[in-house]
Amino acid sequence: MNKIRSKVAILTLQYILFNKWKTISVEKIFKKSKISKKKFSDLIKNKQDLLKNINQYFDDKILESSKLIDQSTSKDMIFEILMMRFDLLNQHRKSLIKIFNVFKGNPKEFVFLLPSFIESMILMSNISHIKNDGIVGNLKIKGLLIIYFSTFLIWIKDESTSLDKTMTALNNYLIRAETLLKIFKK
């Protein structure tokens, strides 16, 4: 895992925990990071990069942790990986909810992050051995993105430490997606 990316992501999430998103600046995070200007500016150029970096940080953690997942069916593996991601998100829950609330009020501001999330879905599908090439693969990635965001909306409200509601919702969404894919294969 990139240590600089990790450090900047954690600093950004900590800053957001105690401050409003509109007060954050690249300069403030840079000063807290104590990273050389060159290394920092190679990674972060604007506030959008701070958010992309946070998403990449979670991707890096997933990639690192996925080595511990038992090989199983693609559905079981994607369930495990997505729940692993929600467990990681839970460690920074308050900061992420604050970010969500900013973009909930103005979703157009969020569009720039979609390519990052698509890359995340590709990563998780690859780890889960889900074929994502061609038209069907493209549909699987988009479906996975919809499942992730739908489950994220449940996670926002799931304040339990066990994330039971999140787990149940994710499982139900994956079952529906699997059923839909079987229909398409006929």
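Colleague: Over which ring does the charged end of K37 sit?

Modeller: This is a predicted model, in which local features need pLDDT of at least 70 and side-chain atom pairs count only at pLDDT 80 or more, while totals for chains, interfaces and linings use all residues. Residues are numbered from 1 along each chain as its sequence is written, and side-chain values use heavy atoms, with hydrogens and water left out. A charge sits over a ring if NZ of Lys or CZ of Arg is within 6 Å of the ring centre and within 35 degrees of the ring normal. The charged end of K37 lies 4.6 Å from the centre of the ring in question, which is that of F30.

Colleague: How many aromatic pairs does a search of the whole structure find?

Modeller: Rings of Phe, Tyr and Trp (its six-membered ring) pair if their centres lie within 6.5 Å; planes under 30 degrees apart count as stacked, over 60 as edge-to-face and the rest as tilted. Searching the whole structure on this basis gives 14.

Colleague: Why is the pair of F110 and F117 classed as it is?

Modeller: The two ring centres are 5.8 Å apart. The planes of F110 and F117 stand at 35°, so the pair is tilted.

Colleague: Which parts of the chain does the pair of F117 and Y148 link?

Modeller: The rings of F117 and Y148 have centres 6.0 Å apart and planes at 35°, so this pair is tilted. Helices are DSSP runs (H or I, at least four residues), as strands are (E, at least two), numbered from the N terminus. The two residues are 31 residues apart and so link distant parts of the chain: F117 in helix α7 (residues 114-127) and Y148 in helix α8 (residues 134-157).

Colleague: Is Y148 buried or exposed?

Modeller: Buried means under 20% relative accessible area, exposed over 50%, and partly exposed in between (1.4 Å probe, protein chains only). Y148 has 3% relative accessibility, so it counts as buried.

Colleague: Where is K34, and is it buried or exposed?

Modeller: K34 is placed in the loop between α2 (26-33) and α3 (37-43). Its relative accessible area is 75%, so K34 is exposed.

Colleague: What is the phi of L163?

Modeller: Most residues other than glycine have a negative phi. L163, in the loop between α8 and α9 (164-185), is not a glycine, yet its phi is positive, at about 55°.

Colleague: Which residues is S95 in contact with, leaving aside its neighbours within four places in sequence?

Modeller: S95 belongs to helix α6 (residues 93-104) and has a relative accessible area of 2%, so it is buried. Contact means heavy atoms within 4.5 Å. With those neighbours left aside, the contacts of S95 are L13, I16 and L17.

Colleague: Which element gives the most to the lining of the second largest pocket?

Modeller: On a 1 Å grid over the protein atoms alone, a pocket is an open set of points where a 1.4 Å probe fits, with protein on both sides within 12 Å along at least five of seven lines; lining residues have an atom within 4 Å of a point. Of the 19 lining residues here, the closest to the centre are I99, F100, F110, F117 and F152. With five residues, the element that gives the most is α6.
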